[in-house]
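Reader: Could you walk me through this fold? I'd like to go from the whole chain down to single residues.

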Amino acid sequence: MSRKVDQLPMPVEVRRMKVIVASPSRSGTLGLYQAMKILGFKTYHLYECIAVNGLPHLQAMKEAIIAQYNRIAGVKKFNQTDYDRWLGEYDCLVEIPSYMGMDLIGEYLKDPEVKFILTERDPDKWVNSVNNTAGGVAKMGYEFPFSILKYFDATLYDFLDLNDLVYKALSGCTEMGDPDNRENLRQYYTDYINLAKATIPADRLCLIQLEDGLDWEKICPFLDLPIPDVAYPNRNEPEKFQVMVEEFLQPKIIASVMRLSAVAIPVVGVLGWAAVKYARFFVA
């Protein structure tokens with residue numbers, strides 16, 4: 001089966017991976033993404049996948065998720081060569097490994113020079129945070145107007161589809177409000193954290209309790225780097241997540257409405273108004 005990842009050009013120079021932030025999303029990962037860039041790393045985070053690299057990386061990540069969790073889909077699981085095509089321009093990964101489980105982490109564990117950071121937080125607070133952010137985006141793709149508009153912009157479609165795939169993987173294919181939703185999310189989180197701590201050697205792991213604070217003093221000594229003369233980036237609260245999603249969605253909404261106007265002019269005004277309104281208020 002032809003895969004999108006096989007169509008990505010191999011970087012002229014594949015960087016040697018230096019740091020893996022194995023933390024799941026909603027564990028201080030956006031701040032760590034910004035912090036690692038300040039420290040000079042070429043850093044890859046879900047934001048980099050979606051907003052910087054766009055459709056080709058969205059499609060590659062979708063394939064990686066499907067291959068990891070849907071064994072009957074017929075998509076071959078990624079190996080190091082696939083990761084090099086997708087991620088080879090980067091020397092630091094943030095939160096992406098958590099979506100792949102131990103497979104991606106295992107590939108980079110083979111290099112004894114790679115260091116790992118793992119932030120851990122109260123599982124119930126993590127569940128709340130996921131449902132207040134990613135859960136809303138996953139739900140959005142099934143509701144009017146995005147249930148229609150997504151078919152008129154490829155990037156919008158794959159963005160919503162990727163979020164749905166990720167949320168299903170984390171929640172055991174449940175939706176917010178389902179009887180097993182919160183327990184499934186909690187179980188995923190605790191299982192992943194425990195497995196990561198058991199898999200990554202202690203001398204290569206910086207384990208941080210998020211409730212104790214996340215700052216330069218926690219990560220720079222572990223990385224053998226001086227503390228920067230700038231404040232540590234602010235944590236990504238749900239309001240900031242909402243702003244980021246709005247900024248990404250707005251041009252995609254406009255493109256979808258414009259394409260739709262060629263075939264369904266009478267409904268364009270209603271759809272456009274509804275899309276903008278929904279995008280502003282989807283976070284619970």
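Author: Residues 24 or more positions apart make up 77% of the chain's contacts with a separation of 6 or more, a contact being heavy atoms within 4.5 Å. Keep in mind that this is a predicted model, where local features need pLDDT of at least 70, side-chain atom pairs count only at pLDDT 80 or more, and totals for chains, interfaces and linings use all residues. Numbering starts from 1 along each chain as its sequence is written, and side-chain values use heavy atoms, with hydrogens and water left out.

Reader: What does the secondary structure of the chain come to?

Author: Helices (H or I, at least four residues) and strands (E, at least two) are DSSP runs, numbered from the N terminus. On that basis the chain has 14 helices and five strands.

Reader: In what order do the strands of the open sheet sit?

Author: Strands pair if DSSP finds at least two bridges between them. The open sheet has five strands with parallel pairing, and the order is β2-β3-β1-β4-β5.

Reader: Why is one side of β2 and of β5 left without a neighbour in the sheet?

Author: β2 (43-44) and β5 (205-209) each have a single partner strand, so one side of each is left without a neighbour: they stand at the edges.

Reader: Which residue in β4 stands opposite V21?

Author: Strand β1 (residues 19-21) runs parallel to β4 (residues 115-120), and three bridges join them. Opposite V21 stands I117.

Reader: What angle does helix α11 make with β4?

Author: Helix α11 (residues 181-199) packs on the sheet and touches β4 and β5. Axes are lines fitted to C-alpha atoms, for helices over the stretch in contact, and angles run from 0 to 180 degrees between N-to-C directions. For α11 and β4 that gives about 150°.

Reader: Is D91 buried or exposed?

Author: D91 lies in the loop between α4 (80-87) and β3. Leaving out residues up to four places away in sequence, D91 touches R15, R16, M17, K18, V19, F41 and K42. Buried means under 20% relative accessible area, exposed over 50%, partly exposed in between (1.4 Å probe, protein chains only). D91 has 3% relative accessibility, so it counts as buried.
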